[in-house]
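Here is the note on the salt bridges and cavities of this entry. Please read it with the structure open.

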Amino acid sequence: MSEKILVIGESRDGVLRNVTFEAIAAAKKISSDTEVVGVLLGSENLADQAQEMIYYGANRVITVIHEKLASYTSEGYGQAVLSVIEDESPYGIVMGHTAIGKDLTPKIASKLEIGLISDAIEINLDGDQVVFTRPIYSGKAFEKKVITDGIVFATIRPNNIPSLDRDESRSGEIQEKSVDIADLRTVIKEVLRKATDGVDLSEAKVVVAGGRGVKSADGFKPLYELAEVLGGAVGASRGACDADYCDYSLQIGQTGKVVTPDLYIAVGISGAIQHLAGMSNSKVIVAINKDPEANIFNVADYGIVGDLFEVIPMLIEEVKALKA
Amino acid sequence: MNIYVLLKKTFDTEEKIAVSNGRIEDDGAEFIINPYDEYAVEEAIKQRDEHGGEVTVITIGDEDSEKQLRTALAMGADKAVLINTEDDLEDGDQFTTTKILEAFFEDKDVDLILAGNVAIDEASGQVGPRLAERLGINYVTTITRLEIDGNTAKIDKDVEGDVEKIETTLPLLVTCQQGLNEPRYPSLPGIMKAKKKPLEELEIDDLDLDEDDLEPKTKTVDIFLPPQKEAGRVLEGEVSDQVKELVSLLRNEAKVL
């Protein structure tokens, strides 16, 4: 194992996000005989999370614990990660293309004056060259991109590169590293949780999304119920957000979130090109709409033409029966 | 306040994308201001109206980019700068763009730089944070509220739906998220005035840069369109039967339940 690839882990409410495990798998795609070195940052004991990264394939994990790393700031995390990079001189670095990943990785790339490939959905080798595939023009096209100089540095889109199976027989060293962190100029005063509890929209395997056809905030209730029985998350079209049926944090589309779940159920969504940009790469798409001419049927694998207020409750019952 | 906006022109969101010879075909395409950059222009104008100062809009592009700059001027920006790389650069990436902007800002006295949080074409979202790092100033991405009081900025930051209340200090770079404001449409008098507002055109020579300084660190080796999706199956029959069939298909054929 001559090469090392750093995987910067990320947790939410003390639990590692799936994309961290996917990033470990991505590192192994970049180089199959590499040493995958997990990096975890925080203000409290990270041994359990480090162990989890090892079960998912990391060979070694470096934990950096400092009171200034209690919550993410680009300054604090930036200093800590740069210090690890300096120690390890990695061949590659992988992180999730999440709010933190998007914020942190360009800073590091810029500091080191290196390239960065954001939002990769696939990694292949062409000889020695690592080729990343990423969506451009909101998923209307894809590009294959390579790093021509310096560290192979990429963020990966959640839900696209499958993680390895968890295996408790895997073992590896956990190292604690101490760092000095200069005073932070940016302070987080408060966090207001608006995102729905439970399943994270960008990582959800199932998304139930509503559009203008849902007609009201109340109309979203059955969608939440369906999402719950499916273990998924609720999303929305811009139309539904503009009409105040739900919060903009749920918006899927060209502006808004891009999701690629296994199953996307579009309810009362007409399928404007801007919405398709946020979901058309979903693996299976179901459309439920009373307008048989709605554009959403052109991208759907399965369609039901009908009244969503009739269809959704039936669907909830059917799924419940199936899961019972 | 000295306020700067980083602006990029992008394809209109309605444009269909075609690829020829491994490149996106842009002949005849309609271009617009990147939608997230419109939030940045709007916010810059609002902050200037509240605190005084001047808004300068900058873009890196070709001579056609003047159109988007004039639109920003018509919205209310005071000055525009076009860094025209058409004759000098074959390729570039986020490193290249940052390097050019870094050189541009070298002798500028900056209080606030605003940018979109992502451009809807290449969608890397890198240039804002990259530039802030080079300039050694604070940055906050995906903001939905900005309140400046003296040297302090109070910010709401969207974090995948949650809101972080952040306090930081100027000089500052922010990238704008939907929800920050409602970008205004240029008014007719605004459009007339915009024609007379200063628009400076620079080339990389003027910034003491040459091609070698700007050599990208990444390279696009191919561009392709997603496979055409075949039209799906619209189910038929009684609604209750359709729902039963759907669940069965999702379980047995699509294997997602």
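The points below take the salt bridges, then the cavities.

1. The model is predicted, and this applies to every point in this note. Over all chains, the count of salt bridges comes to 42.

2. One pair crosses between chains. B:Glu160 forms a salt bridge with A:Arg17, with 2.9 Å between the closest N and O atoms. On the chain B side, B:Glu160 sits in the loop between strand 10 (152-159) and strand 11 (162-169). On the chain A side, A:Arg17 sits in the loop between strand 3 (15-16) and helix 1 (18-30). Both B:Glu160 and A:Arg17 are buried.

3. A second pair lies within chain A: the side chains of A:Arg157 and A:Asp119 meet in a salt bridge at 2.8 Å, N to O. The two residues are 38 residues apart, and the pair links distant parts of the chain. A:Arg157 is in the loop between strand 11 (152-156) and strand 12 (173-177) of chain A, while A:Asp119 belongs to strand 7 (residues 117-120) of chain A. Are these two residues buried or exposed? A:Arg157 has a relative accessible area of 8% and is buried. A:Asp119 also counts as buried, at 7% relative accessibility.

4. In chain B, B:Lys9 pairs with B:Asp62 in a salt bridge whose closest N and O atoms are 2.9 Å apart. B:Lys9 lies in strand 2 (residues 9-11) of chain B and B:Asp62 in the loop between strand 6 (54-61) and helix 2 (66-75) of chain B, so the pair ties together parts that are 53 residues apart in sequence. The relative accessible area of B:Lys9 is 17%, and B:Lys9 counts as buried because the cut-off is under 20%.

5. Salt bridges that share partners join B:Glu160 and A:Arg17 with A:Glu10, A:Asp200 and A:Glu203.

6. How many cavities of 30 Å³ or more does a search of the whole structure find? The search finds three. The largest cavity has a volume of about 120 Å³.

7. The lining of the largest cavity consists of 13 residues. Nearest its centre lie A:Thr73, A:Ser74, A:Asp103, A:Thr186 and B:Ile166. Helix 3 (74-88) of chain A, strand 9 (138-149) of chain B and strand 11 of chain B each supply at least two lining residues. Strand 9 of chain B gives the largest share, three residues. By residue class, the lining of the largest cavity divides into five nonpolar, four polar and four charged residues.

Note on methods:
Residues numbered from 1 in each chain as written. Chains lettered and ligands numbered in written order. Predicted model: local features only at pLDDT ≥ 70, side-chain atom pairs only at ≥ 80, totals over all residues. Heavy atoms only, no water. Salt bridge = Lys/Arg side-chain N within 4 Å of Asp/Glu carboxyl O. Helix = DSSP H or I, 4+ residues; strand = E, 2+ residues; numbered from the N terminus. Buried < 20%, exposed > 50% of the residue type's maximum accessible area, 1.4 Å probe, protein only. 1 Å grid on protein atoms, 1.4 Å probe; cavity = no way out; pocket = protein on both sides within 12 Å on 5 of 7 lines; lining within 4 Å. Points joined across faces, edges and corners; volume = space filled by probe spheres on them. Nonpolar A, V, L, I, M, F, W, Y, C, P; charged D, E, K, R; others polar.
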